[in-house]
Amino acid sequence: MSKVRKLEETVAMIPDGAVLMIGGFMGVGTPPRLIEELLRQGKRDLTVIANDTARPTVGIGRLVSAKAVRKVIASHIGTNSETQRQMIAGETMVELVPQGTLAERVRAGGFGLGGVLTPTGVGTVVEDGKPRIELDGTVYLLEKALKADFALIAAKRADYLGNLEYALTARNFNPLMAMAAGTVIVEAEDIVPVGVIPPDSVVTPNVLVDCLVAKEHRHG
Amino acid sequence: MDEKTLIARRVALELRAGNLVNLGIGLPTMVAAHLPAGVDVFFQSENGIVGMAPVPEPGAENEDLSDAGGSPIGAVPGAASFDSAMSFGLIRGGHLDVTVLGGLQVDEEGRLANWMVPGKMVPGMGGAMDLVSGAKRVIVAMQHSAKGTPKIVKRCELPLTSVRRVDLIVTDLAVIEPTDKGLVLRETAPGVTVADVLAQTGAELIVPADVPVMPIG
C-alpha cells in the first residue's frame, strides 16, 4: 500500500511543542518542502534534534529564524549567527553535543539501547552531570539515548512502500533518525514503483517509514 | 610564502601514503593542496565520506556532495559514503590515522582548546572532540600567537576539546612536540631563531642542543 501522502496533511500531524529529529548537515540532506510547510503552518515551540542549524536562511536555520524552535540539540551552531544570538539572549535553549556522540545517542534511541559509553568529552565541560564509568582501564561517559516524536528525513529515492536510498553526503543523520522517532516522514527526490530499488540497495527498510512526500518537481 | 602556506606545507610532510586523514575547516584544509609527490592519502569528511576531493571543474558541483562546512566537493574514484554513525565510528574507533585541526590554545600538557570562547564565541564542538579523542595522531595547525598573545600557554584557560595529549603542533614559527616531559621544540621556521620562538611562547619549552630548520624549500 502506498505511503505517499499530501504534504499539508502530513505536516498537520505535527503538533506545536513536538520533538523533531531532522536529517541533514549544513542543509545537505535536510528535507526542504517539509521545512517550508512547517513554516507555512506556523508551528511553534518545537524541539529540534539535528547536527546543526545550517545558516539563518538555509534548512533548519529557517525554523530558528522564524522563532519556531524552543530547544535545539545539535553539535554545531557556528554557521548560524541567529541561533547563537537566540541562545545568548535566552530565547532558545541550545544543548551542544559532540557530533559523534549525537550520532550514537540517536542510534541508541532507534536500536533499543538506553545509551552509549564514549570516551569523547571526558574531562571537558561535556562531562558535567554525566556518570563516568571506568571499564578495563578506560574512562567513558554515559550518554543517554535520544528519541523523537517525528523524524523528518530526506532520501534520494523511495519506492511506494517506503524503502529508502540516500545519496552521498546527503545521507548523514537520516538513516539513524529514521529509526529513532515515533512517526517517520520522508521527503524523497524520486518515488519509484516497488521493486525498482533492489533489496541490497535499501538503506532504510520500508517498515520504518510512515509517510512519503515527493520533492517538488518542475514539469514541462 | 605566506604563514598559512608554510604551516600547511610543513603539516603535509607528516602524512604517509595510504593514511586516512581528516582536515579541519580553515587552515587545515590547505594541507590537501601541499601533499608531497607520491604521497596519496584518503581524506575523510565527517559528514560521511572517505575520498573527498576538490570539485573537478566549475559547474560539476553536486547538491548531495559537500564538505563539513557545507561547501561543494568532489570525490576520488574509490570513494565511499556512509552515515554519521559510521563516520564517527571511523574516527572514534581508531581507524583514522591523522586529524589536523586548528587551535585557540595548547598547553604544556599538550591539551587543545579549540571550540569556544565563553561569552564571545559559542559555535559548538562539531566533530572536534571526537576527532581529538579518537584519531591515532592529532596535529594542531595554527598561528603561533594571536595578535601578539601566545596561543601556546602554561594551562588552557579556554574550555578543553579533550584531555588527550596532541601529537604535534605546527605553527608559523615552529614545530613543537608535546611529550611526557613537556613541550619539545623540534624545528624552527626558516628565518626564525629559537629566541624568537621562546619570546612568543607562553609555556615552558624544552630546547634540544640541535633544533633544525623546517625542511621546506
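Ala54(A) sits in the loop that joins β2 (46–49) to α3 of chain A. The model is predicted.

Reader: What is the phi of Ala54(A), which is not a glycine?
Author: Ala54(A) belongs to the loop between β2 (46–49) and α3 of chain A. Its residue type is not glycine, yet its phi is positive, about 50°.

Reader: Is Ala54(A) buried or exposed?
Author: The cut-off for a buried residue is 20 or more other C-beta atoms within 10 Å. Ala54(A) has 27 other C-beta atoms within 10 Å, so it is buried.

Reader: Where is Met26(A)?
Author: Met26(A) is not a glycine, but its phi is positive, about 55°. With 27 C-beta neighbours inside 10 Å, Met26(A) counts as buried. Its place is the loop between β1 (19–22) and α2 (32–40) of chain A.

Reader: Which residues of the largest nonpolar core touch the most other members?
Author: This core holds 117 residues. Strand β8 (residues 148–159) of chain A gives the largest share, 8 residues. The residues that touch the most other members are Met21(A), Ala151(A) and Val186(A).

Reader: Which residues does Ala151(A) contact, leaving aside its neighbours within four places in sequence?
Author: Ala151(A) is one of the core residues that touch the most other members. With neighbours within four places left aside, its contacts are Met21(A), Met177(A), Ala178(A), Ala180(A), Ala181(A), Val184(A) and Ile185(A).

Reader: What covers the buried residues of α4(A)?
Author: Helix α4 spans residues 81–88 of chain A. Its buried residues are Glu82(A), Thr83(A), Gln84(A), Gln86(A) and Met87(A). After the helix comes Gly90(A), with a positive phi near 80°. The cover over the buried residues includes α3 (60–65), β3 (69–74) and β4 (93–96) of chain A.

Reader: What covers the buried residues of α1(B)?
Author: Helix α1 of chain B runs over residues 3–12. Ile7(B), Ala8(B), Arg9(B), Arg10(B), Val11(B) and Ala12(B) are its buried residues. Their cover includes β5 (98–101), β8 (137–141), β12 (168–170) and β13 (174–179) of chain B.

Reader: Which helix gives the most to the side of chain B that touches chain A?
Author: The contact takes 36 residues from chain A and 33 residues from chain B. On the chain B side, α2 (84–92) and α3 (128–134) each supply at least two residues. By class, that side has 13 nonpolar, 15 polar and 5 charged residues. The helix that gives the most, with 5 residues, is α2(B).

Reader: Which residues of α2(B) make the contact with α5(A)?
Author: The crossing of the two helices is left-handed. α5(A) brings Gln99(A), Gly100(A), Ala103(A), Glu104(A) and Arg107(A). The contact residues divide into 4 nonpolar, 3 polar and 3 charged. From α2(B) come Ser84(B), Ala85(B), Phe88(B), Ile91(B) and Arg92(B).

Reader: What distance separates the C-alpha atoms of Gly121(A) and Leu141(A)?
Author: Gly121(A) lies in the loop between β5 (115–118) and β6 (132–135) of chain A. Beyond four places in sequence, Gly121(A) touches residues including Leu141(A) and Met129(B). Gly121(A) and Leu141(A) are 20 residues apart along the chain, and their C-alpha atoms are separated by 7.4 Å.

Conventions:
Residues numbered from 1 in each chain as written. Chains lettered and ligands numbered in written order. Predicted model: local features only at pLDDT ≥ 70, side-chain atom pairs only at ≥ 80, totals over all residues. Contact = placed C-beta atoms within 7 Å. Helix = DSSP H or I, 4+ residues; strand = E, 2+ residues; numbered from the N terminus. Nonpolar A, V, L, I, M, F, W, Y, C, P; charged D, E, K, R; others polar. Core = buried A, V, L, I, M, F, W, Y, C linked by C-beta atoms within 7 Å. Buried ≥ 20, exposed ≤ 12 C-beta atoms within 10 Å, placed from the backbone. Left-handed = near helix turned anticlockwise from the far one by under 90°.
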